[in-house]
Amino acid sequence: MLRLALILLTFAALPVQAGEDVVLGLSRDEIEINTTFDGSEILLFGAIKRESAIPEGELGVIVAIAGPSQSLNVRRKERRFGIWVNVDAVEVDVAPSFYAVATSGPWSEVLSEVEDLRHKISIPRAIRSVGAPSTIKDAQSFTDAVIRIRTASRAYKVDEGAVELREDTLFQTSVRLPANLTEGDYATRIFLTRGGNVVSQYQTVIDVRKVGMERWLFSLSREQPILYGLMSLAIAIAAGWGASAAFRMLRQG
């Protein structure tokens, strides 16, 4: 309630503009990944400022958070002569490492297909596969496989009705970020819709970075891979010797 009160004060202090616009707040806009990091929850809260009476039509709010995108080489395996082998491969050009969408109501009511195609909000629209070899007739199934696997691991998720909307002015939701986050900028988009059409949007960034020992090891592996490999080998040898010595002591005891 304190956060919502602060949003209202901010809302009152801002200059009036035409249309409907978002005033957004985040519980945190930086996430530090260290050795004890087990995930994080981001609270998003905001208000809608407008210069006139509330327009007609059902108001919808959509929150989308996307992790750094990467290309993927998706392969399909088949069992031949008793052995599983790769038979087809399709390159998915853009696939967010993490993607979460929360809405204030049922998806079909808050966003139309045309607007989804324009703004690329839903999970299938956020993934882009430019082309596939002509020999592959079901290229879409490779993109579907990426969505299915990442949805099962909670890297992709859609929460309909998770955005709490009050009096067509205040809204809030929370998004849980998993422990295995990819380092980088997480684009956060807020969409206001009426009748399924986007009437306003707002974008910001959540910064996710490794710190402490995690940062040092990550930098070492990229900048001095030989030294990193030798250090890993030394640690493995030391751990093996220590375990062997402890086992001998237990046997002698």
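**Close-up views of a predicted model**

**View 1. The cavity search over the whole structure gives 1 cavity of 30 Å³ or more.** A cavity is a set of points on a 1 Å grid over the protein atoms alone where a 1.4 Å probe fits but cannot get out. The model is predicted: local features need pLDDT of at least 70 and side-chain atom pairs pLDDT 80 or more, while totals for chains, interfaces and linings use all residues. Residues are numbered from 1 along each chain as its sequence is written, and side-chain values use heavy atoms, without hydrogens and water.

**View 2. The largest cavity holds about 50 Å³ of space.** This volume is the space filled by probe spheres set on the points, which are joined across faces, edges and corners. Lining residues (an atom within 4 Å of a point) include Ala100, Asp159 and Thr173.

**View 3. Thr103 lies in strand β7, residues 99-103.** With 0% relative accessibility, Thr103 is buried (under 20% relative accessible area, 1.4 Å probe, protein chains only). Beyond neighbours within four places in sequence, its contacts (heavy atoms within 4.5 Å) include Val61, Val110 and Gly161.

**View 4. An open antiparallel sheet has 4 strands in the order β1-β3-β10-β9.** β1 (20-26) and β9 (164-166) are at the edges with a single partner strand each, so one side of each lacks a neighbour in the sheet. Strands pair if DSSP finds at least two bridges between them; β9 and β10 have 3, in the antiparallel sense. Leu165 is opposite Phe171 of β10.

Technical notes:
Helix = DSSP H or I, 4+ residues; strand = E, 2+ residues; numbered from the N terminus. Buried < 20%, exposed > 50% of the residue type's maximum accessible area, 1.4 Å probe, protein only. 1 Å grid on protein atoms, 1.4 Å probe; cavity = no way out; pocket = protein on both sides within 12 Å on 5 of 7 lines; lining within 4 Å.
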